[in-house]
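Have the 3D view open as you read.

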Amino acid sequence: MEFRELNEKEFVSYLTKSELDSFMQSPKMDIKGVCAYYVGVIKNKKVVAAARLTARTNRFGYNYFYSPRGLLLDYNDEELLSFFTKEIKKFIKSKRGYVLHIDPNILCKSRDANGQVTGEYDNTNIVEILKKHGYIHAGYTVGYDTRYQVRWQYVIDLENKTFEEVVKDFKPHHLSKIKKAEKFGIIVKDIEYDDLPTFKRITEQTSKLIGFSDRSLEYYQEMYKSFGKDVRFLIAYLDVVKYKKQITEELDGYNKKYDKFYNKENNSAKEVKKNIDSLTNRLNEISKYDEAMIPISASMFMLYGNEVIYLFSGNVDKYNNFYAQYLIQWIMIKYAVENKYKKYNFYGIKGDFSTGKNADGVYEFKKGFGGHVEELIGDFYLPINWFYYFNELVRKIRKWR
């Protein structure tokens, strides 16, 4: 076997055939400021293992190496894994690297929609194999951590399904909100490059509200340019003119109905009056806005391999009752089915399946569209030199303080 750097063509040829293929390993992720290397193992003139490695230099001049959703090989072939690991360590050491961080695109245990283990598969043996070869497992983590990619995600299997079959698994209240969004005059558009600042303003508002760090505008711009048609940025707009017309017509209908009641105090009359008051408040509120089209929700999707991935999103909080995000999902799930994608990946959830007051709202939103939970095996660190252990010691001391 031979270890060497691969050119981009060699790497992509292997990547697209790998069962572990991920957009995070794609050279298109080499956006501005990213230093990347492609390495692999050649056996009988064929690439049998590969990885995209990124390097980030710290203030001491050492490099933190990361292979997002890598490495790409058969982990059960321990001879190959051992050889690849030893050679990668030499390569990284020659580049002043002190650690290799990986998070393989391998599912851990099969789970249902409620996060319960189903027993269809169990790949925890690969965790033990990696540990045997010197990799340190970060653990079976739960929750969101900005140091890592998501370990838990929510998906819908679409293979050999019609859109009607997929929709049958939507919860009734999700379908109701989708219909309301259409009724309210929500219009969803693919945006152009010049509209990305508007996209960024929406995602930034959400990140501040829920305490997440948002990506920079430059990141969104670079992804737009790098992935082209393989990334979709959508913004949902409230069509104010259409919405005013809809409310006015509905209000007129309720007023005529209310006028027919001789006894304004009976239950039916009270219910109609309640609707009148609600619509009147909505009309008064929307009449304050000068804009004809108000951007209220935004989402970014990757179209990669066999899946559509719901990567980033944001909502303008005061317009949440227009349910624009529900309509965006309806549109994109329909697109995924019609274009023969095998999986619709809602991406990150906490992995906390508590119910009631402690329920994870993001998980509940995604679960309402059907599908099931996926758990990945997690993150691993391969120490390269002494600086890794020094850095870990400093981090622990800071944590204890």
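## Rings, cysteines and a cavity

Let's start with Y310, which is buried at a relative accessible area of 7%. Keep in mind that this is a predicted model, and that goes for everything below.

What does Y310 sit next to in the way of rings? Across the structure there are 43 aromatic pairs. In one of them, Y310 meets F346: the ring centres are 6.3 Å apart and the planes make an angle of 85°, so this pair is edge-to-face. The two partners come from distant parts of the chain, with Y310 in strand β13 (residues 307–315) and F346 in strand β14 (residues 343–348), 36 residues apart.

F346 also pairs with Y344, again edge-to-face, with 4.9 Å from centre to centre and 75° between the planes. So how buried or exposed are these two? F346 has 0% relative accessibility and counts as buried, and Y344 is buried as well, at 0%.

| Arginine | Ring | Distance to ring centre |
|---|---|---|
| R215 | Y219 | 4.4 Å |
| R232 | Y335 | 4.6 Å |

In the R232 case, the charged end of the arginine is what sits over the ring of Y335. R215, for its part, lies over the face of Y219.

Now for the cysteines. How many disulfides does the whole structure hold? Zero, according to a search of the whole structure. As a reminder, a disulfide is a covalent bond between the sulfur atoms of two cysteines. C35 is partly exposed, with a relative accessible area of 35%. C108, on the other hand, is buried, at 1% relative accessibility.

How many cavities of 30 Å³ or more does the whole structure have? The search finds one. The largest cavity holds about 30 Å³ of space.

Which residues line the largest cavity? R69, D103, P104, Q149, V150, R151, L376, G378 and D379. By type, that lining divides into three nonpolar, two polar and four charged residues.

Conventions. Residues are numbered from 1 along each chain as its sequence is written. This is a predicted model: local features need pLDDT of at least 70, side-chain atom pairs count only at pLDDT 80 or more; totals for chains, interfaces and linings use all residues. Side-chain values use heavy atoms; hydrogens and water are left out. A disulfide is a pair of cysteine sulfur atoms within 2.5 Å. Buried means under 20% relative accessible area, exposed over 50%, partly exposed in between (1.4 Å probe, protein chains only). On a 1 Å grid over the protein atoms alone, a cavity is a set of points where a 1.4 Å probe fits but cannot get out, and a pocket is an open set with protein on both sides within 12 Å along at least five of seven lines; lining residues have an atom within 4 Å of a point. Grid points are joined across faces, edges and corners, and a volume is the space filled by probe spheres set on the points. Ala, Val, Leu, Ile, Met, Phe, Trp, Tyr, Cys and Pro count as nonpolar, Asp, Glu, Lys and Arg as charged, and the others, Gly among them, as polar. Rings of Phe, Tyr and Trp (its six-membered ring) pair if their centres lie within 6.5 Å; planes under 30 degrees apart count as stacked, over 60 as edge-to-face and the rest as tilted. Helices (H or I, at least four residues) and strands (E, at least two) are DSSP runs, numbered from the N terminus. A charge sits over a ring if NZ of Lys or CZ of Arg is within 6 Å of the ring centre and within 35 degrees of the ring normal.
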